[in-house]
Every structure is written in structure tokens, then in C-alpha cells.
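Dear colleague,

Please find below the structure that I am handing over to you, followed by an account of what was found in it.

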Amino acid sequence: MRRPVARRFNAALASMAVAAAAGVVLVMPEASAAVTGGATGYATQNGGTTGGAGGQTVRATTGTAIHAALCGRAASSTPIVIEVEGTINHGNTAKVSGSSCSTAAGVIELKQISNVTIVGVGAGAVFDQLGIHIRESRNVIIQNVTVRNVKKSGSPTSNGGDAIGMESDVRNVWVDHVTLEASGGESEGFDGLFDMKDGTQYVTLSYSTLRNSGRGGLIGSSESDLSNGYITYHHNLYENIDSRAPLLRGGIAHLYNNHYARLNESGINSRAGARAKVDNNYFEDSKDVLGTFYTDAAGYWQVSGNVFDNVTWSAPGTDNKPAGPNPQSTTTVAVPYAYTLDAAACVPDVVSRTAGAGKGLRVSDGSCSPQTPSPSPTTPTPSPTTPDPTQPGGTNLSLGAGADGSSKAAGTSFGNVRDGDSATYWSPAGATGSVSIKWPAATSVSRIALREASGSAGRIGTWRLLDGDTGTVLASGTGAGAITFPRTSLRKLTFEITGSTGTPQVAEYETYA
């Protein structure tokens, strides 16, 4: 018998010293933001969701630095993109004060602000036991981060136990390619992974992973909190969740191309007049995946194209109205935006390759094939600000390019260096070797960023950078990082490792004009 998961498991920049002491905040060229693609679903409505596009881009490595970046803006609506790398936790997240922010210690506080993007970059961003709280805010993007083990009881606590929580007249939020996870249910001190209440509207959760929690998330905190809605969930993985996948109280939600695996007690719980449009999802090894549960306040659903694989259904009762075993529509829902459905049969595969942080921001092309999206059309033009020497700015030309090399160790691939995924890498067959980025036509390049895989920093010793067309040495040196050389037009750029300590592991070989 399956057991619930609960049992199984003055101003911020009044002095830059605040940021320097708690995690470097680097002013970056405006075009260097890592956000790609654009918002989807209901987040495209009500004026759209663009986050911090058009604003300054900064790099933060602590929670205090994130708060300092928010508080250092000219106004609470000044656009900003905050690129986050490293582990953000209670020890490095303090309250920062300023006229453009309202922060708190022990939580990432996005309160009474607008036009903000928080995006994980480099080796990744992990919010460890630290939640993200959005309150009285609008036009926010959160992308490519992991939030894990946020508790409401025990120690330490944060954000009422929600990984990401929104409340009090929040509008237009796009949460994309995130991983939200717990290690149990309410009895272990955890609450919801993705909660919205008290007037939260026009939100999209896309290409994300939610797992190992008693509660996946909710829309509406009670049967009387019915001011929320216009929420889209698509291409997400819900795995090993007891219930609330999600719980809908009132309002409208659109759920399509999600993969639900091991929903232990119930899944999509539509109640208190909620209307859910449920298209081309794949449910497997689960119980009561759709219906009205734990209340007599009925909700409704429109179903189409879903797959129910090894799903069990309980008997109906006063407070228990499962949609199955043969789910039929009980309402109709019209959505105002365009979308393309993947076939439900391929959803487990395409979601496994796209959902969650560290997946290179890949999305489905609508035909069950992952692809890397183009930079968002709202990405601003380059600023005249001098680029920081540790991080090239502009578009990473390696994304979508080809790759080859001299040799590769077992289990690694040349293509891993240009997929935007820091969790994969290439290694030579020995201590030395080369890897190349190549384009079908001559491309001008003047900078690269060589990023080593997590746990392998410092292994790359001496190296040479060559024009792969002519063999000309463009630069040479020691160690990974950012490398600048005379602007060169070429079709192939080769990074040759000539000396190393241990086996080198190149996670990303980024190239810039």
C-alpha cells in the first residue's frame, strides 16, 4: 500500500559595503540577463509579464545581496534583473532597508515592488530552507532556481513553509524552469510548494518540477478566498505529492501537458466554484487525480486528451466527488491566449527533458521535441556600461551552434558544453584534449566564458584558444573563466586544454560577439 510522503519522508546601497560583505553585487551590461523566451499562459494577459527587462542587470550570491539590489533602485518600480548564483540560505539573508523595497531576514521578500526578474545562472541558484515571498507586487519573473525544504515549524522556518508564496493583490507573475521540493508533509514541518491567495491573478507556472511534499500548492486559502485566478500550469512534473496538485478554490485555471506521477491521496482538487481546463496531461501511478475532495463545495472541470495510466479512484461521497473512473467535462472554459498542445502520450518524455532548474531553459516545440528558446524579444539593447571582466555580456552564441572535439570521456558529450545546462559536461579521454564550437557561417567572436562543472573547479590548467579554421592561436593562459581576445570572424573556435590537474570537466563553453 502506498503511504503518504509525510510518512516517507539606512538604504540598501547607502553603502555598497552591505552587498560586498554579504555577497558580491556586480553591475552588469543590461543585455547580459539569462532570461530566454517569453511568458506564456495567463501571465501574457493583463498587460503581460516582462519582469525586469530594460533595466540594470546585477549578479548576487547571497540573499542579502538580492535585497540590496532591490533596495538600491531609484524606485520600487525601476526594472531590474538579478542573476543569482550559489546557495542562498538563512546565514546569508538579512533585512536591507531602502525607499524602493520592504525586505525581511530569513526570506526573499518581494513586497510592494514591480518589474523584477530573479534568474539562476552559472552553476545554479539554490534557495536552501529559504522561501520566496511575493506580496502586493506585479510583473515578476522567477526562472531557473531551486527552492528546497522550506519549513513552517521546526528550525529554521521561512515563508510560512511555502517554497514560493504569493498573496495580497499580486498580478502578473511568471515562474519558469524552477525546482520546488520538500522532504515530507505537514507533520515534518512543511507546507505548500506553490501557493497563491488573497487576490493573486495572472500567473503562469511552466516547465517546473514539484516533488516530495505533502502539498503541491493552492489557489485560495479558504472557501471564502475566491478572488484568485487566471492561472496556467503547463509542462510541469508533480512527483510524489500527497495532495493539492493543485487545490483550486474559485477562479479559473488552465492545466495542460503536465506529468503527474505518484499523487498519493488526490491531485487537481477543484472546489468552491473553481473551473479547471485540463488538457493533454499524463497521470500515472496515482489516486483520485481530479475531482472535488474534502468539501461539499463543488468545483468544475473541462477535460480533453488526458491519459490515465494506473490511476485508482475512490467511491464518491458527500465530501468526496472524484471525476473518475471515466472523467467527463462538467463545465466549459475559454482561454484568451494561444497555446500548442503536445500529445499526452509524449508528455512524460518531454517534461523529463525540460522541466526544472538546470535544464538549459529548454521548452517543447509543440511536437514533443525540446528546443532552446531564442532570447526574449523584450531583452534590451546593450548598455554602454563597461562589461564586468568576469562575465561576458550579450547573447551566448554557443546556444544552437554545433560542437566537436578531439576526444571525450565515457558518459560525456561535446554537445553538453553548449546546451545551457550546467549539470552536464564534456571531459577529454585523458588529461588533455580540445572541444570546439562551430557555426555554419562565419561568426564574429571576441570573448568566451569557460565554466567548469560543479566540484571540478581548478582542474583546467594551461590552455590555448585557436581559430579552428586556420589553427591560429588567439589566446593562451591558465585556468577557466572569462577570456578576451581580438575580435575574429570564424566558423570554428577551439579550446585546447594542454595541462590539467585531474580530469577536466567543462560544463559550458559560452561564446560572445
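Is Phe308 buried or partly exposed? Phe308 counts as partly exposed, at 31% relative accessibility (buried is under 20% relative accessible area, exposed over 50%, partly exposed in between, with a 1.4 Å probe and protein chains only).

This is a predicted model, in which local features need pLDDT of at least 70 and side-chain atom pairs count only at pLDDT 80 or more, while totals for chains, interfaces and linings use all residues. Residues are numbered from 1 along each chain as its sequence is written, and side-chain values use heavy atoms, with hydrogens and water left out.

The aromatic pairs number 13 (rings of Phe, Tyr and Trp, the latter by its six-membered ring, with centres within 6.5 Å; planes under 30 degrees apart are stacked, over 60 edge-to-face, the rest tilted). One of them is the stacked pair of Tyr202 and Tyr230, at 5.1 Å centre to centre and 15 degrees between the planes. Tyr202 is buried at 18%, whereas Tyr230 is partly exposed at 32%. Phe308 and Trp313 form a tilted pair, with 6.0 Å between centres and 55 degrees between planes.

There are 18 salt bridges (a side-chain nitrogen of Lys or Arg within 4 Å of a carboxyl oxygen of Asp or Glu). In one, the closest N and O atoms of Asp191 and Arg215 are 2.7 Å apart. Asp191 is buried, with a relative accessible area of 14%.

Yours sincerely
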